[in-house]
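Keep the sequence and the model in view while reading.

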Amino acid sequence: DLSPPRRVAVLLPLSGDWAGAGRRIRDGLLAAYHADSGDQPVLAFFDVGADGLSVTAAYQQARAEGAGRVIGPLRKSALRDLVASTDLSVPVLALNRIDSDRGGPRLQQFGLAPENDARATAALANQMGQERVLVIRRDDDWGSRVATAFKTALTETDAAIVGEQRYPPDQ
């Protein structure tokens with residue numbers, strides 16, 4: 001079905017530790033919504049934070065209320081819970097990424113890779129004229145991937161990497 005939905009549910013953490021991020025995303029969606037005067041769907045927001053519904057309960061409620069699309073969740077753990085326990089009959093645009101193909105074609109994952117942040121940081125260091133850089137990274141696969149992206153971007157700008165220090169992942 002390629003027709004625009006009449007109702008879009010947005011599952012965000014609006015309470016608890018992630019509430020700040022959830023509110024910023026909500027505010028951005030509302031700003032875009034109010035900037036467009038065309039025919040728009042109804043937006044329904046569901047709190048899936050500490051004081052809200054579980055992500056699966058929010059998805060089921062959104063579906064029962066006629067949502068044609070769902071945006072969210074934001075946290076990886078919530079996305080894992082949603083994919084593991086729910087038949088995604090209503091398409092979902094997740095605001096994060098997990099390694100899973102269980103959601104099938106009704107699950108679209110949108111996440112910002114930390115490697116992109118590392119490349120942006122390298123570009124900023126270059127703009128600031130930094131020519132000699134010490135890389136300090138977490139000692140695990142994630143830290144290795146991010147450091148590799150950072151170092152690759154730096155070497156493309158002729159910056160010198162003078163060393164690399166690692167720290168335990170739990171610190």
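**A walk through the predicted model**

D141 and R145 both sit in helix 5 (residues 141-155), 4 residues apart, which is about one turn of the helix. Helices (H or I, at least four residues) and strands (E, at least two) are DSSP runs, numbered from the N terminus. The model is a predicted one, in which local features need pLDDT of at least 70 and side-chain atom pairs count only at pLDDT 80 or more, while totals for chains, interfaces and linings use all residues. Residues are numbered from 1 along each chain as its sequence is written, and side-chain values use heavy atoms, with hydrogens and water left out.

The side chains of D141 and R145 form a salt bridge, 3.3 Å from N to O. A salt bridge here is a side-chain nitrogen of Lys or Arg within 4 Å of a carboxyl oxygen of Asp or Glu. D141 is exposed at 55% relative accessible area, whereas R145 is partly exposed at 36%. The cut-offs are under 20% relative accessible area for buried and over 50% for exposed, with partly exposed in between (1.4 Å probe, protein chains only).

How many salt bridges does a search of the whole structure find? There are 9 of them. One joins the side chains of E65 and R7, at 3.3 Å from N to O. E65 lies in the loop between helix 2 and strand 3 (69-71), and R7 lies in strand 1, so this pair ties together parts that are 58 residues apart in sequence. Both ends are partly exposed: E65 has a relative accessible area of 38%, and R7 has 22%. Another salt bridge links the side chains of R138 and D140, at 2.9 Å from N to O. R138 is partly exposed at 25%, as is D140 at 24%.

Salt bridges also link R137, D139, K151, E164 and R166 in a network. R137 belongs to strand 6 (residues 132-138). Is R137 buried or exposed? With a relative accessible area of 8%, R137 is buried. The side chains of R137 and E164 are also joined by a polar contact of 2.7 Å. A polar contact is a pair of N or O atoms within 3.5 Å; within protein, one must be able to donate a hydrogen and the other to accept it, and residues adjacent in sequence count only if both atoms are side-chain atoms. Leaving aside neighbours within four places in sequence, R137 is in contact (heavy atoms within 4.5 Å) with G143, S144, A147, E164, Q165, R166 and Y167.

Next come the nonpolar cores. In soluble globular proteins, nonpolar side chains tend to be buried together. A nonpolar core is a set of buried Ala, Val, Leu, Ile, Met, Phe, Trp, Tyr and Cys residues joined through side-chain atoms within 4.5 Å. The largest such core has 21 residues, of which L11, F46, Y59, V70, V92 and L107 touch the most other members. Strand 1 (7-12), strand 2 (42-47), helix 2 (55-64), helix 3 (76-85) and strand 4 (92-94) each supply at least two residues of this core. Apart from it lies another core of 12 residues, with V135, V146, A147 and A153 among them. Beyond four places in sequence, F46 is in contact with A9, V10, L11, L12, L53, A58, Q61, A62 and E65.

Helix 2 also holds T56, which is partly exposed at 22% relative accessibility. Residues up to four places away in sequence aside, T56 touches D81, L82, S85 and T86. T56 and A78 are 22 residues apart in sequence, and their C-alpha atoms are 8.5 Å apart in space.

Q109 is found in strand 5 (residues 107-109) and is buried, at 19% relative accessible area. A polar atom of the Q109 side chain lies 2.6 Å from the backbone nitrogen of I98. Of its 18 lining residues, K76, N96, R97, L112 and P114 are the closest to its centre. A pocket, on a 1 Å grid over the protein atoms alone, is an open set of points where a 1.4 Å probe fits, with protein on both sides within 12 Å along at least five of seven lines; lining residues have an atom within 4 Å of a point.
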